[in-house]
Amino acid sequence: MKLKTKLNGETFQFRDINDVLAKANEPKSGDRLQGIAANNETERVAAKIVLANLTIEDLVENPTIPYEQDEVTRVNIDGLNRPVYNKMKSMTIGDLREWILDYHTTGDDLTRASRAFTGEVVAAVAKIMGSMDLVYGASKIHRTTRCNTEIGQPGTLSYRCQTNSTTDNPETILLGIMEGVSYGSGDACLGINPVEDNVDSTRRIADALYEFIRKNDIPTQITVLSHITTQIDAIKKGAPLSMIFQSIAGNQLTNDNFGVNKELIYEGYKAAYEHGISSGPNLLYFETGQGSEVSVGCDCGVDEMTLEARTYGFARYFNPFMVNNVSGFIGPETIYDGKEMIRANLEDHFMGKLIGLPMGMAPCFTNHTSITMDDQQMATMLLAMAGANYYMGVPLGDDVMLAYQDTSFHDDAALRDLTNRKPAPEFHQWMIKKGLMDENGRLTDLAGDGSIFLK
């Protein structure tokens, strides 16, 4: 492996692949906090040149955290399809970029190739791409999954209706759900973050959501985002959950911090398979985002973008229904401003799709950053061009429980209108039946009036 190059009369020698990957990254505050970012733009470009000349095999055979030490590394590498990998392993990262962007390379080609890539590979190719490359490359790939309903079909755009309550009050949650679904939000799922992480609270919220969708015959999924161990207990005791949720990260140390591992996640899948209210086959929901490893002090000296890509290699093993990216959620110590947030979201969406995941996106920000609503909306529109499977639907775009800003119900409707896309087919037919949407996906005058569910 050649880890040296000469640029503008100066020689740049990089210590190892971790050093090249970190310094080739576009500016991120989490990398600066770790002290691993490029010192200047010339060093960043030099790192990109070195990275472009490495092969897929170089990055697979030299993972950022050794195979023997880290479960996430093992799942990434063990998840490779060896015939596909052997066919592509000699390709340089620069050639891989050209092939992905080639007009003749189709989404089916990229889907077949995805099993040749670990997280380090998809991070490497994304690091030498511009914003338009990330949008164009991702737009070719469609990943369809099924729980109760099917999301990700071309021409559709779905939403998770997230109406959290500061007191876990089912009545408050349902009033928000009524408004959200009347706008067409909720075809990905009705998903609530509980304040109290216990079986009783999880069960109480799930029961209220289930009674609502049963009474109104709504084709969707139910999830309550307590810890995976709580959800497993709750579903075994009869909580009507459609799928199991868990936040995951890009190395074993952080997953240990989250209290999860491969075995526990498989146990969650098995619980949903045996006790849940959905037929599947996709029964898991993961949440990810750049910077989570830095925020808990478990980054192992690896840059936050590469760690995020390794997370996707871990998620791929479980064939999830949804993967939701929330880069921007943590705060300025990992994503400093709007420019960093937009770039991180485009990278994450592209990397997740390239490795084979059904990517939903939540361009978002907390109130102590310099990121603005304009930044968040620009990221949302770019990701819609790139073909994101789904977004959040939060009342007024302001989550009162988690204290952050995300896409609103009205944003959901506007995005579908802008991109001429419809809800998931089953949900679309339900909206037509309720008089909320027409055959062409246009909302009727009834849309936004949640009181129709009280009559």
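This is a predicted model: local features need pLDDT of at least 70, side-chain atom pairs count only at pLDDT 80 or more; totals for chains, interfaces and linings use all residues.
User: Happy to look at this one with you! What is the count of salt bridges between domain 1 and domain 2?

Analyst: Residues are numbered from 1 along each chain as its sequence is written, and side-chain values use heavy atoms, leaving out hydrogens and water. A salt bridge here is a side-chain nitrogen of Lys or Arg within 4 Å of a carboxyl oxygen of Asp or Glu. Between domain 1 and domain 2, the count is five.

User: Which residue forms a salt bridge with K127?

Analyst: The closest N and O atoms of this pair are 2.9 Å apart. The partner of K127 is D303.

User: Thanks! Which helix gives the most to the side of domain 1 that touches domain 2?

Analyst: Helices are DSSP runs (H or I, at least four residues), numbered from the N terminus. Those supplying at least two residues each to this side include α1 (17-24), α5 (71-78) and α10 (131-139). With seven residues, the top contributor is α9.

User: How much area do domain 1 and domain 2 bury between them?

Analyst: The domain assignment, automatic or from a database, gives domain 1 as 4-140 and domain 2 as 145-453. Buried area is the accessible area (1.4 Å probe) that the two parts lose on being put together, summed over both. Carbon and sulfur atoms carry 62% of it. The total is about 3600 Å².
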